[in-house]
Amino acid sequence: ALPPASARLGAGEEVRVNLDGRIERHAAVDIGTVASWRRNRLDFKAERLIDVAAEFNRYNESPRIEVRGDEVGARRYSGVFDAHDPRALADFLREDPGLVVEERDATIVVRKR
């Protein structure tokens with residue numbers, strides 16, 4: 001067994017503990033992003049659409065967001081959304097002229113135009 005790891009943190013710092021118990025210190029925590037999470041907000045800064053969709057799907061059973069195509073999934077977006085309103089993301093994505101956003105049954109499908 002590995003000895004317990006410890007670390008002192010200052011304001012605005014975070015650590016991650018690896019599976020082997022090693023601690024990695026990260027200094028630049030975005031306090032606004034952390035605070036958004038506590039208010040059921042999702043705050044994205046140039047995040048890949050596939051990751052944005054996955055985050056919405058973590059919070060919502062329906063409608064699910066399905067991203068079709070690697071090129072579409074790799075597009076990057078920024079914004080702050082209500083975690084429990086995937087349709088707000090769909091409305092936002094409809095503004096992108098390169099995408100088609102359709103709601104089918106309990107799924108929001110996002111694909112290349």
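Five aromatic pairs are found in this predicted model by a rule in which the rings of Phe, Tyr and Trp (for Trp, the six-membered ring) pair if their centres lie within 6.5 Å, with planes under 30 degrees apart counted as stacked, over 60 as edge-to-face and the rest as tilted; the count comes to 5 aromatic pairs. One of them is formed by Phe 44 and Phe 56, a tilted pair with 6.2 Å from centre to centre and 35 degrees between the planes. This pair links distant parts of the chain, since Phe 44 belongs to strand E3 (residues 41–48) and Phe 56 to helix H2, 12 residues apart; helices (H or I, at least four residues) and strands (E, at least two) are DSSP runs, numbered from the N terminus. Both Phe 44 and Phe 56 are buried, where buried means under 20% relative accessible area, exposed means over 50%, and partly exposed lies in between (1.4 Å probe, protein chains only). The rings of Tyr 77 and Phe 92 have centres 6.0 Å apart and planes at 80 degrees, so this pair is edge-to-face. Tyr 77 lies in strand E5 (residues 76–82) and Phe 92 in helix H4 (residues 86–93), so the pair ties together parts of the chain that are 15 residues apart in sequence. With a relative accessible area of 14%, Tyr 77 is buried, whereas Phe 92, at 34%, is partly exposed. Phe 44, Phe 56, Tyr 77, Phe 81 and Phe 92 form one aromatic cluster.

Residues are numbered from 1 along each chain as its sequence is written. Because the model is predicted, local features need pLDDT of at least 70 and side-chain atom pairs count only at pLDDT 80 or more, while totals for chains, interfaces and linings use all residues, and side-chain values use heavy atoms, with hydrogens and water left out.Strand E3 also holds Leu 42, which is buried, with a relative accessible area of 4%. Leu 42 and Phe 56 are 14 residues apart in sequence and 8.2 Å apart in space, C-alpha to C-alpha. When residues up to four places away in sequence are not counted, Leu 42 touches Glu 55, Phe 56, Tyr 59, Gly 79, Val 80, Phe 81 and Ala 83, contact being defined as heavy atoms within 4.5 Å.

In helix H2, the buried residues are Leu 49, Val 52, Ala 53, Phe 56, Asn 57 and Tyr 59. Seen down the axis of H2, these buried residues fall within an arc of 160 degrees, so they line one face of the helix; the arc is that of the directions from the helix axis to the C-beta atoms. An α-helix has 3.6 residues a turn, so residues three or four places apart point the same way.

Asn 57 is placed in helix H2, which spans residues 49–59, and counts as buried at 14% relative accessibility. A polar atom of the Asn 57 side chain lies 2.8 Å from the backbone nitrogen of Ile 65. Apart from its neighbours within four places in sequence, Asn 57 is in contact with Pro 63, Arg 64 and Ile 65. Of these, Pro 63 is found in the loop between H2 and strand E4 (64–67), and a cis peptide bond, with omega about -10 degrees, joins Ser 62 to Pro 63.

Most residues other than glycine have a negative phi, and most peptide bonds are trans. Ala 46, a residue other than glycine, has a positive phi near 50 degrees; Ala 46 is located in strand E3 and is partly exposed, with a relative accessible area of 39%. A positive phi near 50 degrees is also found for Asp 105, again a residue other than glycine. Asp 105 is placed in the loop between strand E6 (99–104) and strand E7 (107–112), and at 82% relative accessibility it counts as exposed.

Taken over its length, the chain has 4 helices and 7 strands, which follow the pattern β-β-α-β-α-β-α-β-α-β-β when read along the sequence. Buried residues make up 27% of the 113 residues in the chain. Among contacts between residues at least 6 apart in sequence, 44% join residues at least 24 apart. The accessible surface of the chain comes to about 7,700 Å², of which 49% belongs to carbon and sulfur atoms; accessible areas come from the Shrake-Rupley method with a 1.4 Å probe, and for residues only the protein chains shown count as cover.

Methods: Polar contact = N/O pair within 3.5 Å; in protein donor to acceptor, adjacent residues only side chain to side chain.
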